[in-house]
Amino acid sequence: GWLNGYVALVTGGASGIGRAVVKRFIAEGCAGVGVMVRSADQADGLVAEFGDKVVVSVGDVRSPADNVAAVEATVARFGKLDTLVGNAGVWDFFAKLERMSTEQVAESFDEIFGVNVKGYVLAASAAAAHLRASGGSMIFTLSNSAFYAGGGGPLYVASKHAGVGLIKQLAYEFAPDVRVNGVAPGGTVTPLRGPASLGKQEKRLSEIPGFEDSVANAMPLKFIAQPEDHTGHYVLLASKANSRATTAAILQSDCGWEIRPMR
Ligand code: NAD
């Protein structure tokens, strides 16, 4: 595999895109993968499927201590860290600014930016020294919403645009030791949830009626992606042998958002 002997840490790796990345990284030869998950019940399924190839840490990506604990658990078990995949995220279900009270805007901003932006910065901070030591790389999951309007409300879209700046500035700061890149999926069949501040913490993107068909119809490539469709990009960006000249890059894996036809 392209990742023989690598050690990775994936946040939000219990479901959706993160879980598919964990599975693919192990298939590509990773010696071990640390997985940061939100709740204890998410840990069981991972251990059942991947056994001693994973070490699972339960925590909140908004917590500095939980990020440090996940990094340290990974290094304690597998001896080093080559690849950080920041991926845990929350969507806003297209929440419009004018449909929220100003108080709700403030709360939802803190929640969405807390997970989608602060969570990535804290993971980078916690992993930095180990990645410098291994000459490793960071990969962050962004979105079509990192580049275009219309894939969420203003809070989600702004949070994913912020990820572009974060990737570029971290790539700048960490060169030449650590490459920093991103993958930007488009609409994908996952249980991506909403913010508790909008009462949507149990709502799942994959349960929106007609979501799959409407994404497929709107996209030039005419299908909606499955989590597995994005995993090769993470493998490529993680692999020193195959992308050592690539940093501050974001691979779009979105069925052609850029080239959508006029309706
Ligand atoms: P998902 O819900 O399956 O994965 C997100 C994971 O993050 C979940 O396992 C969840 O438990 C975890 N998480 C959420 N908040 C957390 C917190 N505070 N602390 C720790 N973990 C937390 O959904 P997904 O679609 O696989 O999402 C992964 C990434 O992909 C996200 O960054 C999302 O924005 C991005 N994305 C998804 C789509 C899509 O259509 N599904 C499109 C573009 C980008």
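**Figure 1. Strands β4 and β5 pair in the parallel sense over four bridges.** Residues are numbered from 1 along each chain as its sequence is written, and the model is a predicted one, in which local features need pLDDT of at least 70, side-chain atom pairs count only at pLDDT 80 or more, and totals for chains, interfaces and linings use all residues. Side-chain values use heavy atoms, with hydrogens and water left out. Helices (H or I, at least four residues) and strands (E, at least two) are DSSP runs numbered from the N terminus, and two strands pair if DSSP finds at least two bridges between them. In this view, G86 has F140 of β5 as its bridge partner. Five of the five residues of β5 are buried, so β5 is largely enclosed by the rest of the structure; buried means under 20% relative accessible area, exposed means over 50%, and partly exposed lies in between (1.4 Å probe, protein chains only). Both faces of β5 are covered, with S137, I139 and T141 buried on one side and M138 and F140 buried on the other. In a regular strand the side chains alternate between the two faces of the sheet.

**Figure 2. Seven strands form an open sheet with parallel pairing.** The order of the strands is β3-β2-β1-β4-β5-β6-β7. Because β3 (54-58) and β7 (250-253) stand at the edges with a single partner strand each, one side of each is left without a neighbour in the sheet. Neighbouring strands of this sheet are turned by 15° against each other on average, direction ignored, where axes are lines fitted to C-alpha atoms, for helices over the stretch in contact, and angles run from 0 to 180 degrees between N-to-C directions. Strand β6 (residues 179-185) pairs with β7 in the parallel sense over four bridges, and P185 stands opposite S253 in β7. Helix α2 (residues 40-50) lies across β2 (32-37) and β3, and runs at about 180° to β3.

**Figure 3. Helix α7 (residues 231-238) lies across β4 (83-86), β5 (137-141), β6 and β7.** The helix runs at about 170° to β6. Its buried residues are T231, Y234, V235, L237 and A238, and what covers the buried residues of α7 includes α1, β4, β5, β6, α8 (240-243) and β7. S243 lies in helix α8 and is buried, with a relative accessible area of 5%. A polar atom of the side chain of S243 lies 3.3 Å from the backbone oxygen of L237. Leaving aside its neighbours within four places in sequence, S243 is in contact (heavy atoms within 4.5 Å) with R179, L236 and L237.

**Figure 4. A127 lies in helix α4 (residues 102-134).** This residue counts as buried, at 0% relative accessibility. Apart from neighbours within four places in sequence, A127 is in contact with V71, L81 and L84. The C-alpha atoms of A127 and T83 are separated by 9.0 Å, although these two residues are 44 residues apart along the chain.

**Figure 5. The ligand has 28 residues around it, of which S15, I17, Y156, T188 and T190 come nearest.** A residue is near a molecule or strand if one of its heavy atoms lies within 4 Å of it. An oxygen atom of the ligand is 2.7 Å from a polar backbone atom of I17, and an oxygen atom of the ligand is 3.4 Å from a polar backbone atom of G16. For Y120, an N or O atom in the side chain is 3.4 Å from an oxygen atom of the ligand. Taken alone the ligand exposes 810 Å², and the protein buries 93% of that; accessible areas come from the Shrake-Rupley method with a 1.4 Å probe, and for residues only the protein chains shown count as cover. The elements that give two or more residues to the shell around the ligand are α1 (16-27), α4 and α5 (154-174).

**Figure 6. A cis peptide bond joins A175 and P176.** Its omega is about 5°, and P176 is found in the loop between α5 and β6. The backbone of A248 is also shown, with a positive phi of about 60° although A248 is not a glycine. A248 is found in the loop between α8 and β7 and is partly exposed, with a relative accessible area of 34%. C255, a residue other than glycine, has a positive phi near 60°; C255 lies in the segment after β7 and counts as buried at 8% relative accessibility.

Key. Polar contact = N/O pair within 3.5 Å; in protein donor to acceptor, adjacent residues only side chain to side chain.
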